[in-house]
Structures are given as structure tokens and as C-alpha cells.
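Hi everyone, thanks for making time.

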Amino acid sequence: HAGIRYEGHTPYATMSATSHPKLRILGIMAGSLAVPAIPVLVWWKSATDERNEHSEEVRTKVRVPNVQTIDDLMVEKCKAGDVLLFDRRCHKCAAGPLAALSCLAGRSILCGEDKGAFRNIEQGHFDHCGIVVPGTSKNKADRYDPANLLILEATPSEGIVARPLLTRLEMSQSRSVLLLPLSSPGERRNDEDYEPSDKTVRAQGRMEKQLDSFRQKWTDISTKQGYGNAHSTLGIIGSIAYALGLHHLSPGPVSPSAWLVVSALQDAGVGLNVAERTALETRVEDFLRDHRFHEEDTVRLRPGWKFLPPVIMRETARS
């Protein structure tokens, strides 16, 4: 309009001048995030491809009738209530970057303390565990057949899940897998000529029934509440809380996988619930400490129940 003079920059020019620095800042921020994300995405694709390739090898594996593999023979040693410990390779974690970070945090913070206290174990960092539970066959006798046993564990990909024990072993890319055989009161598990008493059979039957109920309960809860989405975050928070000495105050578990296994043992009447937070504060490597010689950082069982010396189920190169 006549009579109106604009001095300096026009409003449009002023807006452009102020927006350009903001756009540049946003561009720098986006670039700073994109650059480190590239190798992460490359690693994730590589881990996923390797996992899929390994899965296909297991699926198409030629199985000769009446010929047992080493994994078959090892599974035959397992019974419901046994605990498996895994020394995982975090870089092979195909569940995602957050799951790999949780694995690294657990190994760095929760593992490796006081190796001399472990039973017959000289090396390894065991950061994950699972518990053997009865199978789901409608035929009761088949449920406890070693070939039908399941392993119950907390995972970042599928949540709390029970999978065939043999398949789980074949799919594992861990450095090593340990078996902690559970012995019931009066049982002589390593004696081939041993015949269990009626009391021992009843005790084992009660435990197996409770483990079966525990599996059904927690796999259902996991599915309904989407536990798998929270597993890695819980693991990272638990590790950091332990490192800061705040795990006694944290509402979450120090190790989600150890919490699940200890809870299963307690629910089955095997684990001793020393304190309200026993399961929440248990680490995986606490299973390797003999409670007879350690007051703390150990998994305690009820009188008569005990873990036998660890058995190496699978071991590969230490890389």
C-alpha cells in the first residue's frame, strides 16, 4: 500500500533466515543419528541372515532312524526341573539391537565375579538360563519322555516361551551350554541300578505337575501382556541397577531369565524362598555357587533337593 515503507528484511525473508539455521541443526542431528545407525543395521541384517541360515540347516537336517546324535544323547540325560545355563554370543543376537545391548550389559555387569566359587567351572560367562518342563502331549507318559521335554525361558523375541529342548539345543549358537541336573530327596540319579522309592516318585510327580501349571500360567500371561517387548528393557535396567547398587530398591528383576527359573523352582516346591525378593535379585551365575559354602549370591533349594555337578551339554570355540 502507498505510504507504507518496509525497512530491512521483508517478513518472508526474516522467516527464511530464522528457519534455515533450524533446518541445518535438524539436518546435523539426523546425520549424527544416521551415521552410527548404518553399521548397526548392517550387523542386524547379518545376524538375522545367519540365524535364518542356521534355522534352515536344523530344519533340513538328515535324521537317520535309530542313530542318535550327541544332542540326542545329552537330552536323554535331562529331566523336568533341570536348569540350563547359556554362555551366549551377544553379536549373534538376531532379536534386535536392544536385545544385543541387554545381552552385553548382562555379561559385562552381572557375570564373571569370583570364578573360583563356581562348581567345576573354570571359564565362561553365563548370562541366560532356562528350566526343563514336561511336554504338552495328551498322553501323560509321553510328557516326561526326554524326546518331548520343553525348555521354559524368558526371551526378547517370543516373550516367555516353552520350546522343544532338542530343537533349542540345536538352534543355540552359544559358546557353551551347561546342564544342572536336579536331584530330589533320596534320589541317586547317577546310579543306573537305583530304583526310586514311592516317596521319591511322589515328590517328583508333585514337582512336575507344578512346573506344568507354571508353564501354562506364564506363557499365557506373556502372550496377553506382550512380555517380549519389555524383556530387553527389563534386562538393561536390571543390570544398571545392580551396577549402581540400587537393585534392592528396583521393582524389576536383576536378570529376567534367572527370575523366571527361580520363580518356577519356588512354585514347584523346590526352591527356597529365603526372602520376598529372592527371585528378583538372583543372577544366572548364582546357580553355580554351592549354598553350603556361600551365604549370599546363591540359589537355595529346600532340604533334600540339590543340584548335581554341572554337565557340559554343548561347547564350541570361545570366539
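**The cysteines, then a helix**

Okay, let's begin with the bond between C90 and C103: these two form a disulfide, with the sulfurs 2.0 Å apart. Keep in mind that this is a predicted model. If you search the whole structure, you find one disulfide. As a reminder, that's a covalent bond between the sulfur atoms of two cysteines.

So which parts of the chain does the pair link? C90 sits in the loop between β1 (83-87) and α3 (97-110), while C103 is in helix α3 itself, and the two are 13 residues apart. Both C90 and C103 are buried. And the handedness: the torsion about their S-S bond is about -75 degrees, so this disulfide is left-handed.

Now, what about C93? That one is in no disulfide, and the nearest cysteine sulfur, the one on C103, is 6.1 Å away. C93 is buried too, at a relative accessible area of 14%. C129 is also buried, and there the value is 0%.

Let's move on to helix α6. This helix covers residues 198-225, which is 28 residues. From first C-alpha to last, α6 reaches 41 Å, close to the expected 40 Å.

Conventions
Residues are numbered from 1 along each chain as its sequence is written. This is a predicted model: local features need pLDDT of at least 70, side-chain atom pairs count only at pLDDT 80 or more; totals for chains, interfaces and linings use all residues. Side-chain values use heavy atoms; hydrogens and water are left out. A disulfide is a pair of cysteine sulfur atoms within 2.5 Å. Helices (H or I, at least four residues) and strands (E, at least two) are DSSP runs, numbered from the N terminus. Buried means under 20% relative accessible area, exposed over 50%, partly exposed in between (1.4 Å probe, protein chains only). The expected span of a helix is 1.5 Å times one less than its number of residues.
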